[in-house]
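Here's a quick briefing to read with the model open.

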Amino acid sequence: QVQLVESGGGLVQAGGSLRLSCAASGRTDSTYAMGWFRQAPGKEREFVAGIRWSGGVTFSADSVKGRFTISRDSAKNTVYLQMTSLKPEDTAVYYCAARLNGVAEYGYWGQGTQVTVSS
């Protein structure tokens, strides 16, 4: 089991920045990757960014490239999503997720944190 707790969401004006944090506990030694997803009202959940726990390789959706940066602090078992140049269309509930070694999908999810970008 992996437990994930997100923090850092809030209300920000367009063009502003926020940093989300996701603290992991439990079977973190079995983590293959962690990622951020988001879901806006009336829309399906979408992938935002991910990072491989070993080696730190990152990948992100085209919609956020150049604006959002995912990083990790292995010592703290924490993943961050630094969001800059925020747009109203970035408004969503952001979820942290973990994928374990040998598993094809993200199987553990946090409770989500709301990000609202005003125009």
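A polar contact here is a pair of N or O atoms within 3.5 Å; within protein, one must be able to donate a hydrogen and the other to accept it, and residues adjacent in sequence count only if both atoms are side-chain atoms. By that rule, the side chain of Glu6 reaches the backbone nitrogen of Cys96 at 2.7 Å. One note on the source: this is a predicted model, where local features need pLDDT of at least 70, side-chain atom pairs count only at pLDDT 80 or more, and totals for chains, interfaces and linings use all residues. Residues are numbered from 1 along each chain as its sequence is written, and side-chain values use heavy atoms, with hydrogens and water left out.

**Glu6**
- Glu6 sits in strand E1 (residues 2-7); strands are DSSP runs of at least two residues, numbered from the N terminus.
- A polar atom of its side chain also lies 2.9 Å from the backbone nitrogen of Gly112.
- Glu6 is buried yet has no salt bridge, and the nearest side chain of opposite charge, Arg45, is 9.3 Å away.
- Buried means under 20% relative accessible area, exposed over 50%, and partly exposed in between (1.4 Å probe, protein chains only).
- A salt bridge puts a side-chain nitrogen of Lys or Arg within 4 Å of a carboxyl oxygen of Asp or Glu; for charge, Lys and Arg count as positive and Asp and Glu as negative, with His and the chain ends not counted.

- Five of the six residues of E8 are buried, so E8 is largely enclosed by the rest of the structure.
- E8 runs antiparallel to E3, joined by six bridges, and also pairs with E7 in the antiparallel sense over six bridges; pairing takes at least two DSSP bridges.
- The E7-E8 hairpin has four residues between the strands, and Asn77 in the turn has a positive phi of about 50°.

**Salt bridges**
- The count comes to four.
- Arg38 pairs with Glu46 at 2.6 Å between the closest N and O atoms; Arg38 is buried at 6%, while Glu46 is partly exposed at 34%.
- Asp90 and Arg67 bridge at 2.7 Å, with Asp90 buried at 1% and Arg67 at 10%.
- Arg38, Glu46, Arg67 and Asp90 are linked in a network of salt bridges.
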